[in-house]
Amino acid sequence: MKNEYIPYPAIIEAIQTESFDTRTLKVRFKDKRLRDSFDYKPGQFVEISVLGAGEAPISITSSPSRKGFLEFTVRAVGKVTKAIHKLKVGDTVYLRGPYGNSFPFEEAKNRNLLFVAGGIGLPPLRSVINMAFDNRDDFGNIKILYGAKAPDELCFKEELKIWQGIPQAEVLLTVDKPANGWKGNIGVVTTLWKKTEISPKDAIAYVCGPPIMIKFVLQKLLESGFKPDNIYVSLERYMKCGIGKCGHCNIGDKFACIDGPVFSFGQIKELPDKEREI
Amino acid sequence: MKSALINKSDIRLLLKEASREWNIYAPLEVQGGDVNFCCLPKENIKEALNRVTLDDKWIPVPPKDLFFPQLESLFEIKKNKIEETVEYSKKLLFGIKAYDYQGILFSDEFFKRTFQDNYYLSRTKDRLVIIKSCLTPPRQNACFCTSAKTGPFLDKDFDIQLVDIGEAYLVEIGSKRGEDFILKYKRFFKLCSNSEVDKALTVKEKAVDSIELKIDFSRAVELMKGKEPPEEIYKKIAQRCIHCGGCIYVCPTCTCFNVFDDKENEAMIRYRNWDTCVFEGFTREASGFNPRETKWLRASRRYEHKLWYDYKTTGKSGCVGCGRCLTSCPVELGMSKFIQEITA
């Protein structure tokens, strides 16, 4: 019987600075067999350990269509994530997973995809975005609406430009506080609705970001005619074990770690009102 | 059901003999007169056996820590090598109350479902349980196992159950494991007659009747299924609750935990320890955002989890009616009082 609590060592191959407090790590499992067999779906997460600091659930931002390595985008806010930021290329982290359910992918084929992200909410969506681009012919148009507090805080700045250049793909950016040279939109992510046509026709929406953003985006999507079952949200909760035992991430009778983290808005509405913030 | 008899005076002899093969856990009188569920030390078994009590005594702490210790190490990493913690022993739980056994079975199912929890489950391997329930409730204002349908006696799903019929115990055998145990130690057991079985029936009926506190579980579940109890009830509870976590620590089915690392010399050790939803930090995220920041939300979480979410997921209530949450509570809150309030 496999002991789910045991993590496996992985070496940090590259570190990309996204902003003053956010980095993307590229890692490879030390064990070659594990490297080859580790399979995951977009939206899933792993538990990352920094020995001595502890363990934190971090969503996988790389796409399952690009094999052999894993990427995680980490904002330094807590004990473990701050410890992750102290690591250098060549250092070891310990991983276990993948855990949780995933964003719909097969079901989304032949449809238009709308991604709405805020701040550090883009990394979990990036996994499904790149998987869709790697299977470009299977999907209709792909729209990415992304907002951050300031231009410096946008993640994957170079990749956003690459996505923009892909046929039938549109990337719209916005920031709350513009800095010098910012020519894009100013305002919260829902202000982008004025800049493009958001149609629910044959479309599926993926949302991730801070709770307050999710709340307003859901409202906007419903106003635009999206049905609750065509809206998918990745819900964040404080987690410890990742396998439905420690109890920290429970919402009603569900665990964000095993029943989620991805829920359709239809499912979210079934959760008790007082236990959900959106 | 197969039955046998054992003289009360033979119980200690049986335990002494069985202790060669088993780690025995039994209710022991400790200093100050309290009764705790303890492991009988093999090196000093005689003294410990003298302190084993099978009277209808209140046992303030359930035996959940035998399988889910308050603090345990999960693994150790030293010089890049991971060493898993493995704890296994043959355990004989002797003199456990029926509702506590139901609590153990409830937790077994939880740790088995979806992802298996090796640490908990390895401790449950080779476990034999001998139930000895109360004939009268040790705390009339707290005990409500009849309402929770977890006792005082079980009809099925047990290994061995003792019924006090005076000079002797009627020994009911409920599983193959239980039968094997009786056969192995058969020199301590005698055949029983129909009259003794009948006597045990009367004793059981009397025991059931002796419990005065009646709590309407099914009505509570119905209420929660339809409309949640009004916020005002939880707010009233939250005003009194001091969020000490006492009720959770003594609850046979509360199993939430925290995970943390510690460094000891060259090694890094990962531990887990009991944690609880009534603590503010339980759901607080690193960003500071906390979905259950307000006290009343944490109060409602505990009651709704035990009574409604557990029922919805498993078909069983997470409350076994032991009454410990009430007796441990510094401000006299507890599951029975909560149900009484919402069903009044």
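Let's start with His243(B). This residue is buried, with a relative accessible area of 12%. Buried means under 20% relative accessible area, exposed means over 50%, and partly exposed is in between, using a 1.4 Å probe and protein chains only.

A word on the source. This is a predicted model, where local features need pLDDT of at least 70, side-chain atom pairs count only at pLDDT 80 or more, and totals for chains, interfaces and linings use all residues. Residues are numbered from 1 along each chain as its sequence is written, chains are lettered from A and ligands numbered from 1 in the order in which they are written, and side-chain values use heavy atoms, without hydrogens and water.

Back to His243(B). Its phi is near 50°, a positive value in a residue other than glycine. Where is His243(B) found? In the loop between α9 (231-240) and α10 (246-249) of chain B. Helices (H or I, at least four residues) and strands (E, at least two) are DSSP runs, numbered from the N terminus.

Now chain A. Asp202(A) is no glycine, and its phi is positive, near 50°. Asp202(A) sits in the loop between β10 (185-186) and β11 (203-208). Is Asp202(A) buried or partly exposed? Partly exposed, with a relative accessible area of 47%.

Next, peptide bonds. Gly97(A) to Pro98(A) is cis, omega near 0°. Pro98(A) belongs to strand β6 (residues 92-99). Gly260(A) and Pro261(A) are also joined by a cis bond, with omega about 10°. Pro261(A) lies in a loop, between β14 (254-255) and β15 (262-264).

Why pick these out? Because most residues other than glycine have a negative phi, and most peptide bonds are trans.
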